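Please open the model in a viewer and keep the selection panel at hand.

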Amino acid sequence: MPNVLIRDLPADMVERLKALAAHRGRSMQQELRRIIARETGYSLLETYEAAQRISEEFRAEGRTFSDSTELVREDRDSR
């Protein structure tokens, strides 16, 4: 796996990262990995567009989708 080196981080930023990681029960390296993964993942718009494409492909194949509103309501009301 490749490594990344970040130079010249301000000392206060490093301390805040350490405190954040400690608060979340992680090492600073684990916390940085999570931050980078979150920031480089799919955006909400990209996820929505992918879902739309998949839905359109299914509809083109003749598949139909039922409205799940009643099922959700029944589940909610059963609690």
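Select R63 and F58 to begin: R63 lies over the face of F58, 4.2 Å from the ring centre. A charge sits over a ring when NZ of Lys or CZ of Arg is within 6 Å of the ring centre and within 35 degrees of the ring normal. This is a predicted model, in which local features need pLDDT of at least 70 and side-chain atom pairs count only at pLDDT 80 or more, while totals for chains, interfaces and linings use all residues. Residues are numbered from 1 along each chain as its sequence is written, and side-chain values use heavy atoms, with hydrogens and water left out.

Next, display the whole chain as a cartoon. The chain contains 4 helices and 0 strands, in the order α-α-α-α from the N terminus. Helices (H or I, at least four residues) and strands (E, at least two) are DSSP runs, numbered from the N terminus.

With the whole chain in view, consider its extent. The C-alpha atoms fill a box of roughly 55 × 35 × 20 Å along the principal axes. The radius of gyration of the chain is 22 Å, whereas a compact globule of 79 residues would have a value near 12 Å. This radius is taken over C-alpha atoms, and the globule rule is 2.2 Å times the number of residues to the power 0.38.

Now select R7, in the segment before α1. Is R7 buried or exposed? R7 counts as exposed, at 63% relative accessibility. Buried means under 20% relative accessible area, exposed over 50%, and partly exposed in between (1.4 Å probe, protein chains only).

The phi of D8 is near 60°, a positive value in a residue other than glycine. Most residues other than glycine have a negative phi. D8 is exposed, with a relative accessible area of 77%.

Then select E31, in helix α2 (residues 28-40). With a relative accessible area of 1%, E31 is buried. Buried residues make up 6% of the 79 residues in the chain. Selecting G41 together with E31 shows two residues 10 apart in sequence, with their C-alpha atoms 15 Å apart in space.
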